[in-house]
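Dear colleague,

I am passing on the structure we spoke of, and below it you will find notes on what turned up when I went through it. Please read them with the structure open beside you.

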Amino acid sequence: MDRKSTPDLSTDVSTVPKVSTSSTGSPPAGAPQALATVAVVGLGTMGTGIAEILTRAGREVIGIDIDDAAARRAVAALEASTARAVRRERVTERERQDALARFRTFRDLQAAAEADLVIEVVPEEYELKRQVFTALDGIVRPDAILATGTNALSVTRLAADSAHPERVLGLHFFNPAPAMKLVEVVSCVLTAPAAVTAVTGLARELGKDPIAVGDRPGFVADGLLFGYLNQAAAMYESRYATREDIDAAMKLGCGLPMGPLALLDLIGVDTARTVLEAMYAASRDRLHAPAPILGQLAEAGLTGRKAGRGFYTYEAPGSAVTVPDDRTPTTAQDPDAGRTVRSVGVAGSGTMASGIAEVFAKAGFQVVLAARSLEKAEAAKARIAKSLDRSVAKGRLTAEARETALAAVTAAGSLESFADVDLAVEAVAEDLGVKQQLFATLDKVCKPGAVLATTTSSLPVVACARATSRPQDVVGMHFFNPAPAMKLVEVVRTVLTADDVHATVRAVCAQVRKHPVDCGDRAGFIVNALLFPYLNNAVKMVQEHYATPDAIDAAMKLGGGYPMGPFELLDVVGLDVSLAIEKVLHAEFRDPGLAPAPLLEHLVAAGCLGRKTGRGFREYARR
């Protein structure tokens with residue numbers, strides 16, 4: 001997904017002497033193919049990383065690039081990485097010198113004549129790749145394997161245009177190649193099984209985790225990733241949320257290593273657009289149709305980090321350091337803009353309600369925790385006590401702070417106890433009728449000027465507001481579970497929410513050490529609107545027998561750096577909860593691509609809801 005250099009396609013230079021394959025890093029005897037000598041065509045960032053992996057694993061590596069500067073950078077990169085390995089005592093100086101001697105660079109494809117495997121990593125343009133493969137047909141041995149590093153183009157088409165289609169496959173590494181464990185081995189209907197076996201074995205010897213996939217745009221990891229990135233770009237383009245809030249929401253709400261817009265800048269806006277064009281051509285799914293902003297940025301040369309500007313502005317081309325620009329939001333906030341909040345009422349007795357009450361109590365607020373009965377409220381307070389005890393045991397909280405926080409929580413069996421609170425937060429069942437009834441009650445019992453907040457994750461906040469006579473005082477505060485640990489709060493403002501109410505909630509978030517992100521009142525807000533279509537698409541992959549849940553989970557964890565794979569997450573969230581959110585998103589946006597996967601509906605109908613029932617996409621031991 002990074003810069004890929006273009007090789008010289010001429011073949012009229014002198015041939016390269018045959019490379020010895022007697023190094024100690026050669027594959028074991030009996031392997032389907034030795035693959036001891038590997039040519040890497042294109043020495044950009046990805047090609048250089050692949051060459052480094054192979055060289056350090058004992059392979060003879062022939063690097064080919066028409067750009068002498070690219071070849072020099074590749075050699076320098078290998079010299080620097082092996083020097084670091086020596087300093088860290090991971091290899092000896094002799095081993096380093098042997099590795100450097102195994103890497104040679106050339107300008108033309110004729111250098112690949114003796115290679116057992118050729119890996120093409122040139123720019124993502126079909127005609128260029130076809131020229132490379134056509135030229136290689138006249139150069140390499142008949143038993144050599146040809147692999148394309150594409151992450152978007154058709155492996156089948158490249159194979160069909162080759163003189164020996166049975167030896168063509170895809171070998172998709174992830175950036176940075178030396179660090180990322182995933183390798184997608186892509187076969188098509190023309191690929192010989194022996195070729196797949198050989199490169200899969202090589203990937204394992206390189207310390208990678210290969211997964212076998214079929215030929216479709218994006219394969220597994222990018223097939224799921226780029227749809228999500230595209231939706232994030234469209235969300236930003238519609239001005240629903242700022243780039244900073246979109247990225248913060250996905251990092252803090254989902255534990256992702258990077259926000260989607262920052263990741264698009266890293267990948268390259270132009271590259272992302274190319275991948276999405278290929279995906280849309282194959283799927284005709286509107287979710288894959290590139291967001292117009294991607295084309296606008298690409299045409300303007302604002303392709304991300306490599307250009308110094310994309311969704312963000314960077315201090316220099318190639319730099320990872322962002323600098324303020326005209327789209328950077330101001331952080332200053334008028335301290336007098338909001339209302340004073342000293343006491344908070346939390347309605348509900350479940351895990352989310354007790355977690356939110358704990359958050360406010362630890363921050364020094366007086367908290368009234370109300371449930372349908374005093375017994376339920378006391379049980380919720382007991383849950384808070386256990387949570388605080390765990391924090392003390394782990395050294396995160398002092399015993400004194402624990403007692404102070406617990407003393408700040410008053411259990412109550414009726415919403416009448418909210419008469420004097422400054423902020424009322426409902427955390428009851430995700431049922432619009434239930435919430436509207438509760439807000440009608442809050443309207444009657446809460447004092448004038450009190451802020452009324454709902455923690456809904458998918459229902460319209462304005463519908464709760466309209467159940468009161470003061471809709472201007474109603475706002476969304478979507479905490480994430482578990483509330484004491486998760487830093488994110490989505491602050492959802494309706495068309496009726498007053499400015500000072502919005503300012504109040506943002507200030508309160510800062511007081512309880514949460515990160516607020518602003519968004520409008522529409523289904524899914526930021527996180528769920530981006531997360532659940534991604535989960536739904538993963539289910540469709542399994543439904544279509546393209547890949548297994550295990551392979552998809554591995555792909556997203558190893559290739560995307562996700563803390564959990566989509567099927568692990570679905571089973572944790574609950575398939576019934578996931579289906580309900582999918583239905584809300586589909587009903588709101590009316591996009592066919594958002595329709596819940598039938599497999600998800602079938603599992604829910606069968607009572608297979610995930611961990612809570614002992615079976616979802618996987619089976620779990622009953623507790």
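**Charged pairs and a buried proline**

Glu127 and Arg130 are separated by about one helical turn, because they stand three residues apart in helix 4 (residues 126-137). Please bear in mind that this is a predicted model. The side chains of Glu127 and Arg130 meet in a salt bridge, at 2.6 Å from N to O, and Glu127 counts as partly exposed at 39% relative accessibility, as does Arg130 at 26%.

The structure holds 34 salt bridges. Another of them joins Lys362 to Glu358, at 3.3 Å from N to O; these two are four residues apart in helix 12 (residues 351-362), and so again about one helical turn separates them. Here Lys362 is partly exposed, with a relative accessible area of 37%, whereas Glu358 counts as buried at 3%.

Lys612 forms a salt bridge with Asp576, the closest N and O atoms being 2.8 Å apart. Because Lys612 lies in the segment after helix 22 (598-605) and Asp576 in helix 21 (residues 575-589), the pair ties together parts that are 36 residues apart in sequence. Arg243, Glu244, Asp325, Asp326 and Arg327, for their part, are linked in a network of salt bridges.

On the surface, Arg383, Lys386, Arg390, Lys394 and Arg396 gather in a patch of positive charge. Arg396, in the loop between helix 13 (374-393) and helix 14 (399-407), counts as exposed at 64% relative accessibility.

Pro260, by contrast, counts as buried at 0% relative accessibility. Pro260 belongs to helix 9 (residues 260-267), and, leaving aside neighbours within four places in sequence, its contacts include Tyr228, Leu229 and Met250.

Key: Residues numbered from 1 in each chain as written. Predicted model: local features only at pLDDT ≥ 70, side-chain atom pairs only at ≥ 80, totals over all residues. Heavy atoms only, no water. Patch = residues over 30% accessible without salt bridge, like charges linked within 9 Å, V, L, I, M, F, W, Y side chains within 5 Å. Areas by Shrake-Rupley, 256 points an atom, 1.4 Å probe, with all protein chains shown as cover. Salt bridge = Lys/Arg side-chain N within 4 Å of Asp/Glu carboxyl O. Lys, Arg positive; Asp, Glu negative; His and termini not counted. Charge placed at Lys NZ, Arg CZ, Asp CG, Glu CD. Buried < 20%, exposed > 50% of the residue type's maximum accessible area, 1.4 Å probe, protein only. Contact = heavy atoms within 4.5 Å.
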